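Please keep the sequence and the model at hand while reading.

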Amino acid sequence: MHAAVLRSARSPLVIEDLAQEEPRYGEVAVRMGAAGVCASDAHVMHGTAVIPMPCVLGHEGAGTVEAVGPGVTSVKVGDRCILSFVSNCGHCRQCITGNPQLCDTNAITGARQFDGTTRLKDANGAEVFQMSKIGVFAERIIAPAQACFPIPDEVPMDVAALMGCSVPTGYGTVVNAPGVRPGMTVAVFGVGGVGLNAVQAARIMNASRIIAVDISESKLEFATRFGATDRVDASAGDPVEQIRDLTGGGVEFAFDTFGGIETTQQAVDCLGKNGLAVVAGLAPLGDRAPIDLVDLVRKQKRIMGAYYGSASPHETFRTVVDLYLRGELLGDELVQRRYPLDQINEGFEALERGENGRGVITF
Ligand SMILES: [Zn+2]
Ligand SMILES: [Zn+2]
């Protein structure tokens, strides 16, 4: 079984032939169909996010169930599935209070399966971890059955893959933000994979102004296809001033889909009174953003984080699949580049260059 393995930070991914154990109790084997190239993988490669190594990266993917372990009833062999990068245990405090995307057991076990062990071995017999229990840059994966969300044949694999991370994260972050309403004014910082989906979620929610903010003119142009009404080039002057000018004092909602000190600060600064800034992009580990505290109080601003679209991933998958099938949510347009697994490093180079839309590994 071939997979893209990261052996240490700041080194390229290496395609290795790994030995794979069959699914244990509650687990499934999935033949991968497609996997997206996401900035969260790049963080691990740069060492700005830390997971155990060697590790098969990839957390945005879709495939077909090939085998099920004992006790699995939620999916069957042949089911085409979106894969969740959070598998929920169903019984921790977060799961039982309606926040399965924040599952404690999943966080504790991390790149291991729920029983704390791994399913992959390298050529030397050493264990290999799977990012987010799935590690989708692999021809075939073992994963908890909870990761799988069955989808109809009408959703192509490459689009389904993106429905594992960038689509639900961008979409859910907007529609689940408290107080969103038709006519709202919105700024989206960063119009990569997650940002484009935040833009189209704002369009679906009938926002009156959707201001796309990025440092790439080409990405901003691309974002208009998804519903951006205005473009702010952050490399050509202060984006906060530009947003205030466009909206007569600031937006009601700002979404930082990039995740960084500067963008989060700008997202808070560009809010009008009573505005809400939502941070959905993951910043490098340890980053802290200085916030203007007087402004925060006097303008009664709010700041919140949003993980995986702030809702149950399976519920968001259901919604985005429906909207996609009805033509409300663009999916095919997100896929701009396709690579075979052995060209995965080129996929990450295109991501670093800031190319439009998403790159997808197809199997
Ligand atoms: Zn991702
Ligand atoms: Zn849980």
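Valine 188 touches Gly195, Ala198, Val199, Ile210, Ala212, Val213, Phe255 and Thr257, residues up to four places away in sequence not being counted; two residues are in contact if their C-beta atoms, placed from the backbone, lie within 7 Å. The model is a predicted one, in which local features need pLDDT of at least 70, side-chain atom pairs count only at pLDDT 80 or more, and totals for chains, interfaces and linings use all residues. Residues are numbered from 1 along each chain as its sequence is written, while chains are lettered from A and ligands numbered from 1 in the order in which they are written.

**Nonpolar core**

- The largest nonpolar core has 111 residues, and those that touch the most other members are Val56, Phe137, Val188 and Val199.
- At least three residues of this core come from each of domain 1 (2–164 + 330–362) and domain 2 (170–307).
- A nonpolar core is a set of buried Ala, Val, Leu, Ile, Met, Phe, Trp, Tyr and Cys residues joined through C-beta atoms within 7 Å.
- A residue is buried if 20 or more other C-beta atoms lie within 10 Å of its own, exposed if 12 or fewer, and partly exposed in between, with C-beta atoms placed from the backbone.
- In soluble globular proteins, nonpolar side chains tend to be buried together.

**Domains**

- The domain assignment gives domain 1 (2–164 + 330–362) and domain 2 (170–307); such bounds come from an automatic or database assignment.
- The centres of domain 1 and domain 2, taken over C-alpha atoms, are separated by 28 Å.
- The contact takes 18 residues from domain 1 and 14 residues from domain 2.
- On the side of domain 1 that touches domain 2, helix 1 (residues 39–46) supplies the largest share, three residues.
- Helices (H or I, at least four residues) and strands (E, at least two) are DSSP runs, numbered from the N terminus.

**Helix 11**

- The 13 residues of helix 11 (residues 313–325) should span 18 Å at 1.5 Å a residue, and the end C-alpha atoms are 18 Å apart, which agrees; the expected span is 1.5 Å times one less than the number of residues.
- The buried residues of helix 11 are Pro313, Thr316, Phe317, Thr319, Val320, Val321 and Tyr324.
- These buried residues pack against strand 7 (80–83), strand 11 (148–150), helix 4 (157–162) and helix 5 (166–175).
- Just after helix 11, glycine 327 takes a positive phi of about 80°.

**Backbone features in loops**

- The peptide bond from methionine 53 to proline 54 is cis, with omega near 0°, and proline 54 is found in the loop between helix 1 and strand 5 (55–56).
- Serine 132 lies in the loop between strand 9 (127–130) and strand 10 (140–144), and its phi is near 55°, a positive value in a residue other than glycine.
- Serine 132 counts as buried because it has 27 C-beta neighbours inside 10 Å.
- Lysine 133, found in the loop between strand 9 and strand 10, has a positive phi of about 70° although it is not a glycine.
- Lysine 133 is buried because 28 other C-beta atoms lie within 10 Å.

**Tyrosine 339**

- Tyrosine 339 is found in strand 18 (residues 335–339) and counts as partly exposed, with 18 C-beta neighbours inside 10 Å.
- Leaving aside neighbours within four places in sequence, tyrosine 339 is in contact with Ile344, Glu346, Gly347, Gly359 and Ile361.
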